[in-house]
Amino acid sequence: MPLRREPIVAAGESIRQNVPTGFLQNWADGGGIGAAPFGRRLRNLRLQMGLSQKQLARSSTLSVRAIRDLENGRVRQPRADSLRLLADALGLSAPQMNRLANDHALGFLAGTAEPAGSGPFIGREQELAALTTMFGAEHHRLVTIIGIEGVGKTRLALEVARALEAAEHWTALWLPPDDGQLRSGRALVGAPGQPTWLREVVHSGPDSRRRLVETIGGSNALLVLDGARPEDELVDITAHLLAACPRLRILVTTRNPGGMPLDTLFPLAPLPVPPSDTEPADLDKVASVALLLAQTKRIQPAFRPDPHVLADVARICRALDGLPAALESAAHWSLIYSLRELAHQIATEPLTVARRPHGGHRQPDAYASVHDTVAALSSRQRDLLATMSHGSSGEMDGYWSVPGVADKMGLTAAECADDIYHLLILGILRRVDHHDVAMFRVLNIVSVAGQNAAA
Ligand SMILES: Nc1ncnc2c1ncn2[C@@H]1O[C@H](COP(=O)(O)OP(=O)(O)O)[C@@H](O)[C@H]1O
Ligand SMILES: [Mg+2]
């Protein structure tokens with residue numbers, strides 16, 4: 001227990017009134033969105049420990065001047081050896097030290113992890129509960145969320161990480177290998193403050209991995225590998241990390257299951273869409289409708305849907321397959337088209353509404369990844385997709401049972417089941433159960449993108 005011989009706050013320093021008492025596990029500026037600069041985090045930690053600058057200097061063997069320069073921002077980042085001395089003096093664990101060291105390195109990377117402009121998190125209660133329970137119960141240490149572009153994989157991973165950070169005081173480490181520049185092997189630029197070694201873990205050698213292992217150690221941590229591809233060859237990396245860090249869990253998000261163990265897959269379907277006979281009063285309880293309404297209100301605060309408009313909203317949701325990203329784009333288009341106009345246009349041209357208006361947005365080529373997914377299918381799977389995109393095998397429009405497709409294609413039910421399984425895992429089919437029979441339908445976006453790809 002250090003003797004407190006001098007005031008811990010030097011003359012002229014202001015004390016933050018709300019220094020959290022919850023101590024280091026979740027100190028307020030410890031790395032959440034909008035984390036404070038290094039100097040402020042250091043100062044907060046020191047104050048929480050009840051140490052003066054002089055006392056910290058003494059126990060860390062740094063000079064008072066060095067600590068003052070760090071705290072007031074004259075020196076923005078300490079050297080690695082100084083950081084180690086500070087961490088020892090403050091009794092920080094490795095993840096805590098990393099939080100102190102890297103502005104946004106651990107915890108969420110403001111502006112990269114969280115998609116800009118996202119609104120409230122809607123629906124997905126069951127998915128969120130399932131994933132947090134799976135990780136919490138220790139039975140699952142590696143889970144792979146798989147689904148098509150824009151279905152909400154990154155957002156769900158973000159919410160899982162947040163929930164575990166809030167309820168279980170875990171540390172979340174966010175590693176988006178899904179980065180064009182990383183992919184193309186050019187200079188690694190990205191999240192400000194994110195150390196290169198963290199991004200390199202997936203792509204470079206044992207050194208970066210060793211540092212990650214040291215960082216995580218025996219702590220409860222969730223590593224999110226967001227946007228993985230088969231060529232990242234994550235199986236070895238994840239196995240190594242899980243073996244080396246006994247309380248680590250890993251959440252991967254991907255559009256392609258290649259390379260990930262089958263028993264880790266968590267297929268993510270689009271949000272539910274309202275059946276055509278839904279009562280107008282019940283429409284906004286359907287997640288896709290709620291999302292489109294929330295996004296439209298965000299963009300046009302005066303927007304108040306009457307029952308007619310609600311019916312258009314429902315049509316748009318169905319046409320856009322309940323895909324969150326596509327619904328967000330539709331909300332943007334609602335600035336220049338009425339929802340009625342959008343509902344009409346979408347019936348014939350869903351992709352024009354599913355992509356964002358140009359307005360400076362970086363990615364006008366919506367659902368290009370769906371072309372790639374379709375292009376990577378076997379020719380039998382593509383035939384099957386084409387068959388299923390047209391008509392249906394029975395009373396439900398657009399929906400097919402496995403035997404129905406098998407009949408039509410002249411395949412055995414087993415062959416057909418394999419292909420449908422694959423398409424479902426990729427997220428390009430939607431399943432509904434009708435009179436206790438599983439029925440499948442190709443997402444509209446996929447039919448259209450598939451036709452474009454074939455053209
Ligand atoms: N359940 C949800 N509630 C609200 N917004 C969502 C939901 N799921 C996804 N979104 C939003 O939709 C967009 C696309 O989601 P994202 O997670 O980036 O998709 P993916 O990673 O599967 O390509 C993002 O802006 C995201 O915030
Ligand atoms: Mg994503």
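## The shell around ligand 1

Nine nonpolar, four polar and five charged residues make up the shell around ligand 1. Here Ala, Val, Leu, Ile, Met, Phe, Trp, Tyr, Cys and Pro count as nonpolar, Asp, Glu, Lys and Arg as charged, and the others, Gly among them, as polar. This is a predicted model: local features need pLDDT of at least 70, side-chain atom pairs count only at pLDDT 80 or more, and totals for chains, interfaces and linings use all residues. Residues are numbered from 1 along each chain as its sequence is written, ligands are numbered from 1 in the order in which they are written, and side-chain values use heavy atoms, with hydrogens and water left out.

In total, 18 residues surround ligand 1 (a heavy atom within 4 Å). Among the closest are Ile 122, Lys 153 and Glu 328. Domain 2 (125–267) and domain 3 (280–354) each give the shell at least three residues. Domain bounds come from an automatic or database domain assignment.

## Backbone contacts

A polar backbone atom of Ile 122 is 2.7 Å from a nitrogen atom of ligand 1. For Gly 150, a backbone N or O atom lies 2.8 Å from a ligand oxygen atom. Arg 155 also has a backbone N or O atom 2.8 Å from an oxygen atom of ligand 1.

Note on methods:
A polar contact is a pair of N or O atoms within 3.5 Å; within protein, one must be able to donate a hydrogen and the other to accept it, and residues adjacent in sequence count only if both atoms are side-chain atoms.
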